[in-house]
Each structure stands twice: as C-alpha cells, then as structure tokens.
Amino acid sequence: MTYPDGDLRDQLAHLGAAAVSAGLVVGSGGNLSAREHGADTCWVTGAGTWLDRLGRDDFALVRIADGAVVGGHPGPSSEWRLHTATYRVRADVNAIVHLHPQTSVLLTALGHDIALATTDHAFYLREVAVVPFSTPGGAELADAAAAAVAGGTDAVVLAHHGCSVLADTVELAHKRAFNLEEAARLTRDALLLADGRPPPSCPPFRAGGSV
Ligand SMILES: [Zn+2]
C-alpha cells in the first residue's frame, strides 16, 4: 500500500498504530504532531489518547506561538511544548514523532552513541543528538530538544525518556523514527558481538535513487 494522504490526522493515526505494533512505544505513551506547511497551528495528539487507536477527534489544534488550543480535542498531550518549541525553530519541519523506543534510550543511558552502520540508517538519520534528562512535559526539555535540532539535526534522544524525530512529511518522520530504533538495535548487537571493538559506521556515500 502507499502511505495515506490527505488529512494529517489520518496520516498520524497510521503512524501511531504502526509504532505501537512495532514496539516503539507502549500503552498511552508517546505523542505525535503535524502541521500544514507554513501553518501557525499544529495537530497534537490529545492527553490520554492511545497511539494505536487514534481518530480525528483525538487531536488538539494548538497554536505554535503560545500553545493555545484553538480547536479539536480540548487537551493536548502534556508534552505539547516539545512539539511547538521545535516547530518554532524549524520552519522546514511539518511532522514530529515522540516515542519511547527502549533500545535507543537504553544505549544512550549507558553512554553509547547510536551507530549508523547501514545505508538506510545513514541516509535517514545522518546524525543523532542526545539531550540530558529533564522532566517530561516541561519547558526545559522542550527548549533543550529544540536547541539540539535547530541546526538541522532530525533525530534526538531525550535521555532516560524517548526520542523526538522530525521531517517535512509524516511519512518521512515515520521512516526516520523506525530507522532510529533499528540503528539502536544494530548498535546493541554490534556491542555484544564485536568483542570490545567500536560499532561499525557506514562508509560515506552519495544517495542516488532509493535506499
Ligand atoms: Zn514521552
């Protein structure tokens, strides 16, 4: 099948179901957002919603400048600041995926970088930032994550918590988030198998065509 198009809430619902199915988040954890290109509002998953059961009514329409709810679900996720702060510094970003992928979080908690060992990982991620722990839902965490991606990085691990992955479309954010956890799993395997050697990195290459 091709990726759903049209209403951004339908695209995010598709992503949410896939993320739960893939084990990238459990229960009602994680949250998603998207905006029309250039819009001053974004759709954010509502507080208490489950990512694998999202309908259009489960999204709050939030003003990016100040977090005011201007439509849809009355209460956005408690982590809405993570989304609005990043949109404010990245005009090119139209979708943000915040999940709790266990291997990405565990590796960084142990002090390991997530290696980009395959062409997919290098192409979709390019680099992965890490921000120190701060309270989930707080402005400090949102500001730290925004600062980490302001220069163009599209994937950041929030220590002991989860990830924030960005893209210009929901579909690309989906691919990027899945590649992040897959890269982390491969890094874990490399650490277990490599007998003390550092995890491998993909050689430099110029992406042509699909990877
Ligand atoms: Zn979270």
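The structure is a predicted model, in which local features require pLDDT of at least 70 and side-chain atom pairs count only at pLDDT 80 or more, whereas totals for chains, interfaces and linings use all residues. Residues are numbered from 1 along each chain as its sequence is written, and side-chain values use heavy atoms, with hydrogens and water left out.

The chain contains 6 helices and 8 strands; these are DSSP runs numbered from the N terminus, helices being H or I of at least four residues and strands E of at least two. Their order along the sequence is α-β-β-β-β-α-β-α-α-β-α-β-β-α. The C-alpha atoms occupy a box of roughly 55 × 40 × 30 Å along the principal axes. The radius of gyration is 17 Å, which agrees with the value near 17 Å for a compact globule of 211 residues; it is taken over C-alpha atoms, and the globule rule is 2.2 Å times the number of residues to the power 0.38. Of the 211 residues, 50% are buried, where buried means under 20% relative accessible area, exposed over 50% and partly exposed in between (1.4 Å probe, protein chains only). Among contacts (heavy atoms within 4.5 Å) between residues at least 6 apart in sequence, 64% join residues at least 24 apart.

Strand 3 (residues 59–63) and strand 4 (residues 69–72) pair in the antiparallel sense over 3 bridges, pairing being assigned if DSSP finds at least two bridges between two strands. Ala60 has Gly72 in strand 4 as its bridge partner. The two strands form a hairpin with 5 residues between them, and Gly67 in the turn has a positive phi of about 80 degrees. Gly67 is also in contact with Trp80, as are Val44 and Asp66, once neighbours within four places in sequence are left aside. Trp80 itself lies in helix 2 and counts as buried at 18% relative accessibility.

Glu79, in the loop between strand 4 and helix 2 (80–89), and His161, in the loop between strand 7 (155–158) and strand 8 (162–167), are 82 residues apart and link distant parts of the chain. Glu79 is buried at 9% relative accessibility, and His161 is buried at 11%.

Thr45 is located in strand 2 (residues 41–45) and is buried, with a relative accessible area of 1%. Beyond residues up to four places away in sequence, Thr45 touches Asn31, Leu32, Leu51, Leu54, Asp58, Phe59, Pro76 and Ser77.

Two arginines lie over tryptophan rings: Arg9 over the face of Trp43, at 4.3 Å from the ring centre, and Arg53 over that of Trp50, at 4.6 Å. The criterion is NZ of Lys or CZ of Arg within 6 Å of the ring centre and within 35 degrees of the ring normal.

A search of the whole structure finds 1 aromatic pair. Phe123 and Tyr124 form this edge-to-face pair, at 5.0 Å centre to centre and 80 degrees between the planes. Rings of Phe, Tyr and Trp (its six-membered ring) pair if their centres lie within 6.5 Å, with planes under 30 degrees apart counted as stacked, over 60 as edge-to-face and the rest as tilted. Phe123 is partly exposed at 35% relative accessible area, whereas Tyr124 is buried at 11%.
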